[in-house]
Amino acid sequence: MKRKADTFEEFLLESFRDGISCRELRLSADELAYVKVKYPRAMIKNLLSDVCADGKSWFEITLSPANGERVESSRKEEDIKQENRSLKLEIEAL
């Protein structure tokens, strides 16, 4: 059986794969602390002051590109943000 940390690490890797550097994620306090340790240079912005029933909150996480990689164009970032907003609405509807 996988440990909770391993499952969360897989979730993070999947969230930021293929050069994606900015995502909106719903995280618990422990998950947020893990992101801060794992990615100390990440920019983290709290999106909503409300906490969901499960104790998680929405954050915009932006990872710094590694080794001088080019940052995605603003159009691509806007597409990703729109996708994240759509996913957030779907999750909240559940």
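Predicted model: local features only at pLDDT ≥ 70, side-chain atom pairs only at ≥ 80, totals over all residues.
Colleague: What makes E1 and strand E3 a pair?

Modeller: E1 and E3 (residues 57-62) are joined by six bridges, and at least two are required, so the two strands count as paired, and they run antiparallel. Within this pairing, Leu 25 stands opposite Phe 59 of E3, and Glu 24 stands opposite Glu 60 of E3.

Colleague: How do you know that strand E2 and E3 pair?

Modeller: Four bridges link E2 (residues 43-46) to E3 in the antiparallel sense, and the rule asks for at least two, so this too is a pair. Here Ile 44 faces Ile 61 of E3 as its opposite residue.

Colleague: Why is strand E1 described as largely enclosed?

Modeller: Five of the six residues of E1 (residues 22-27) are buried, so this strand is largely enclosed by the rest of the structure. Buried here means under 20% relative accessible area, with exposed over 50% and partly exposed in between (1.4 Å probe, protein chains only). For E3, six of its six residues are buried, with Ser 57, Phe 59 and Ile 61 on one side and Trp 58, Glu 60 and Thr 62 on the other. In the whole chain of 94 residues, buried residues make up 30%.

Colleague: What makes up the largest nonpolar core?

Modeller: A nonpolar core is a set of buried Ala, Val, Leu, Ile, Met, Phe, Trp, Tyr and Cys residues joined through side-chain atoms within 4.5 Å, and the largest one has eleven residues, among them Phe 8, Leu 12, Leu 25, Leu 32, Phe 59 and Ile 61. At least two residues of this core come from each of helix H1 (4-15), E1, helix H2 (29-38) and E3.

Colleague: Why does Leu 32 count as buried?

Modeller: Leu 32 has 12% relative accessibility and therefore counts as buried. This residue lies in helix H2 and, leaving aside neighbours within four places in sequence, is in contact (heavy atoms within 4.5 Å) with Leu 27, Ile 44 and Phe 59. Among contacts in the chain between residues at least 6 apart in sequence, those joining residues at least 24 apart account for 55%.

Colleague: Why is the pair of Phe 8 and Tyr 34 called edge-to-face?

Modeller: Rings of Phe, Tyr and Trp (its six-membered ring) pair if their centres lie within 6.5 Å, and planes under 30 degrees apart count as stacked, over 60 as edge-to-face and the rest as tilted; by this rule there are two aromatic pairs. Phe 8 and Tyr 34 lie 5.6 Å apart centre to centre with 80 degrees between the planes, which makes the pair edge-to-face. The pair links distant parts of the chain, since Phe 8 is in helix H1 and Tyr 34 is in helix H2, 26 residues apart. Phe 8, at 10% relative accessibility, is buried, whereas Tyr 34, at 29%, is partly exposed. Ring pairs also bring Phe 11 into a cluster with Phe 8 and Tyr 34.

Colleague: How do you know that the charged end of Lys 88 sits over the ring of Trp 58?

Modeller: The criterion asks for NZ of Lys or CZ of Arg within 6 Å of the ring centre and within 35 degrees of the ring normal, and the charged end of Lys 88 sits over the Trp 58 ring at 5.3 Å from its centre. Lys 88 belongs to helix H3 (residues 74-93), and its relative accessible area of 14% makes it buried. Not counting residues up to four places away in sequence, Lys 88 touches Glu 24 and Trp 58.

Colleague: Why does Asp 18 count as exposed?

Modeller: Asp 18 has 66% relative accessibility, so this residue counts as exposed. Asp 18 is found in the loop between H1 and E1 and, although not a glycine, has a positive phi of about 55 degrees.

Definitions and conventions. Residues numbered from 1 in each chain as written. Heavy atoms only, no water.
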